[in-house]
Amino acid sequence: MSQSLPISWSTAEVSIPLEQIPLEQLSNSDLVLRCQQGVCPDRAAFTELLRRYQSHVDKILYHLAPDWQDRADLAQEIWIRVYRNIKRLQEPVKFRGWLSRIATNLFYDELRKRKRVKPPLSLDAPRNIEDGEMDWEIAADSPGPDEDMATREFYSHLRDAIADLPEVFRTTIVLREIEGLAYEEIAEITGVSLGTVKSRIARARQRLQADLQVYLNP
């Protein structure tokens, strides 16, 4: 059945089919609905979704694997998975979280295949710690000229500390501190309860603070 959007004027209400509305005027959830019509996803609508969310996928992969040279291949695999399964998404409004879950899961599948010893995460020093919260700055692509040896040493120890975290802790830290997702979104993406998400993030922060205590309190 064709989906449509109601447009209200002074005394009349007109419904315009989604396929007749320019793609750039459709909301993200309407694009998903359009992709769910027919036997195969609408390629034009899917291309528009890809255009809007490609940077989101790239951001996730960059902060999970900044030193991987084949991130583009993994991003392509993510979009292939999205294309094949988009009809299964029951709540189009939650497309972003669903996409994040696919990207995160595929990354860790690949990570397990490679049996990497250290996960390639890149986080900057915490700016402040208040009420148990830890705010992170995203590290620049290349160190600035004023970055001294002590700061570079901190980055090295921070990466080692994150590498020592259990995989589930690393995932929640990335989704919370890098992606800035709400606890509820992380719970949906990781498939665990809200309480478990909060516990994992709190324990991860405690372990990182303990490991980096010498740098946090010089």
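Me: Is Phe46 buried or exposed?
Reply: This is a predicted model, in which local features need pLDDT of at least 70, side-chain atom pairs count only at pLDDT 80 or more, and totals for chains, interfaces and linings use all residues. Residues are numbered from 1 along each chain as its sequence is written, and side-chain values use heavy atoms, with hydrogens and water left out. Buried means under 20% relative accessible area, exposed over 50% and partly exposed in between, with a 1.4 Å probe and protein chains only. Because Phe46 has a relative accessibility of 9%, Phe46 counts as buried.

Me: How does Tyr83 count at 21% relative accessibility, and why?
Reply: The value for Tyr83 is 21% relative accessibility, so Tyr83 counts as partly exposed.

Me: What kind of aromatic pair do Phe46 and Tyr83 form?
Reply: Rings of Phe, Tyr and Trp (its six-membered ring) pair if their centres lie within 6.5 Å, and planes under 30 degrees apart count as stacked, over 60 as edge-to-face and the rest as tilted. By this rule the count comes to 5 aromatic pairs. Phe46 and Tyr83 lie 5.1 Å centre to centre with 85° between the planes, and the pair is edge-to-face.

Me: Why is the pair of Trp68 and Phe107 tilted?
Reply: Trp68 is buried, and Phe107 is buried as well. The ring centres of Trp68 and Phe107 are 5.1 Å apart and their planes stand at 35°, so the pair is tilted.

Me: How much space lies in the second largest pocket?
Reply: On a 1 Å grid over the protein atoms alone, a pocket is an open set of points where a 1.4 Å probe fits, with protein on both sides within 12 Å along at least five of seven lines, and lining residues have an atom within 4 Å of a point. Grid points are joined across faces, edges and corners, and the volume is the space filled by probe spheres set on the points. For the second largest pocket this space is about 170 Å³.

Me: Which domains each give at least three residues to the lining of the second largest pocket?
Reply: Among the lining residues are Tyr108, Glu167 and Arg200. Domain bounds come from an automatic or database domain assignment, and the domains that each give at least three residues to this lining are domain 1 (24-117) and domain 2 (143-217).
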